[in-house]
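Trainee: Could you walk me through some of the strands in this one?
Mentor: Gladly, let's look at it together.

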Amino acid sequence: MRTFIILAGLIYTIPCEAEKLPSKAKNVILFLADAGGLGAVNAASIHGYDKAQSLFVQSWPNIGLSDTSTASQWVSDSAAGMSAIMTGQKTHNGVISMGPDTARGKQDGARLKTLLMYAEEHGLSTGVMTNVNVADATPAACYSNANDRRKYGEIIQQAFAPKYGDGPDVLMGIGRAAIDKSLAEQGSSLDALSQKHGRKVYASLSDVPSSEPRPVVIQEKDMNLPAAAEQALERLSRNKKGYFLMIEWDAHTDNPQQGLGNLVAFDKLIRSIAGKVNMKETLLIFTADHSFDISTKGGKRGEPLLAGYEEWKQKNAAQRNAVVEIPALRVNHNHTGEEVVVAAMGPGADKVHGFLPNTRIFEVMLEAYGWKR
Ligand SMILES: [Zn+2]
């Protein structure tokens with residue numbers, strides 16, 4: 001028996017109890033909405049569809065609530081949040097996949113093995129893509145270890161000189177000038193890295209030839225994630241052993257127009273990917289590294305959630321970080337510590353339920369592949 005979900009003209013079939021999924025996943029795709037907590041998810045659905053619970057990820061069968069607190073603080077940044085998801089261990093803010101014995105910026109702690117490193121070790125293909133700096137905290141926590149998230153140069157070098165396998169096979173994001181500046185402080189550059197490791201670093205997604213099996217794309221700005229995801233999946237899915245892919249889409253809602261729009265667009269990308277991959281062998285997980293202080297405090301059906309925002313912007317143009325106050329929304333410019341939603345679909349997804357620590361997401365993915373720590 002199957003349950004049919006009809007969304008925007010596309011039909012998805014989610015197998016029911018009677019039709020058991022294989023217990024093991026060949027592929028895992030982690031969709032990370034940066035700062036996309038429950039407040040943002042709720043508002044994005046209303047913003048996009050004038051209706052609650054209309055995002056594709058809100059139709060998934062398995063839901064949990066993930067605690068994002070760090071090893072020392074209640075409110076997480078992207079570094080500690082993503083490190084916990086990728087390594088199964090909580091650490092401190094600012095630290096990239098190193099243990100809680102790390103002193104940020106001063107002293108390395110234990111270098112933690114990330115899920116991407118496990119995947120490389122097992123001979124899978126791996127990919128990391130984002131529409132922010134590809135050496136910034138969320139993508140960095142997948143493929144590197146560093147005692148401070150600001151060490152872009154040290155971080156990006158690890159993508160070219162990995163400890164496990166041959167490192168991320170697909171790496172796509174932005175931040176070219178900032179990364180080059182950080183590399184220059186170490187007497188290096190993207191060009192030098194590229195030469196040394198015989199791996200081209202494309203400055204634009206559109207420069208990648210179809211013959212390139214392992215594309216590294218670092219643009220200055222504006223990464224087209226749907227186009228990047230298509231390029232990535234086409235290459236990663238060639239590996240018969242399977243793949244791991246992390247896609248980050250920034251969902252900070254300091255500017256709610258932009259942030260909520262991002263979340264709706266990300267959800268559309270997730271829907272499109274779910275329609276293309278083999279869902280019998282692919283575990284999909286959607287979550288956030290930490291929450292954000294956005295709440296729906298008013299508004300009604302048929303009225304845009306962002307009504308009044310343009311006027312608010314004009315009045316408050318000079319004031320940086322002023323609290324956004326419009327009839328339906330209030331946005332403070334800070335991360336918050338309440339649980340974020342983790343939604344899952346595919347083999348191994350049934351392990352996602354109830355309240356859980358963010359470190360459990362790592363275990364769910366590792367167990368779905370059938371691996372042990
Ligand atoms: Zn974040």
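Trainee: Which way do E6 and strand E8 (residues 216-218) run, parallel or antiparallel?
Mentor: They run parallel and are joined by three bridges, where two strands count as paired if DSSP finds at least two bridges between them, and Val-216 in E8 is the bridge partner of Leu-171. This is a predicted model, in which local features need pLDDT of at least 70, side-chain atom pairs count only at pLDDT 80 or more, and totals for chains, interfaces and linings use all residues. Residues are numbered from 1 along each chain as its sequence is written, and side-chain values use heavy atoms, with hydrogens and water left out.

Trainee: And what joins strand E5 to E6?
Mentor: Four bridges do, with E5 (residues 125-133) and E6 running parallel, and Asn-133 stands opposite Ile-174 in E6.

Trainee: How many residues of E6 are buried?
Mentor: Five of the five residues in E6 (residues 170-174) are buried, meaning under 20% relative accessible area with a 1.4 Å probe, protein chains only. Val-170, Met-172 and Ile-174 lie on one side, with Leu-171 and Gly-173 on the other. In a regular strand the side chains alternate between the two faces of the sheet.

Trainee: Switching topic, what is the order of the strands in the open sheet with E13?
Mentor: The order is E11-E13-E12, with antiparallel pairing. E11 (291-296) and E12 (324-325) each have a single partner strand, so one side of each is left without a neighbour in the sheet.

Trainee: Which helix packs on that sheet?
Mentor: Helix H1 (residues 38-49) does, touching E11 and E13, where contact means heavy atoms within 4.5 Å.

Methods. Helices (H or I, at least four residues) and strands (E, at least two) are DSSP runs, numbered from the N terminus. Axes are lines fitted to C-alpha atoms, for helices over the stretch in contact, and angles run from 0 to 180 degrees between N-to-C directions. Buried means under 20% relative accessible area, exposed over 50%, partly exposed in between (1.4 Å probe, protein chains only).
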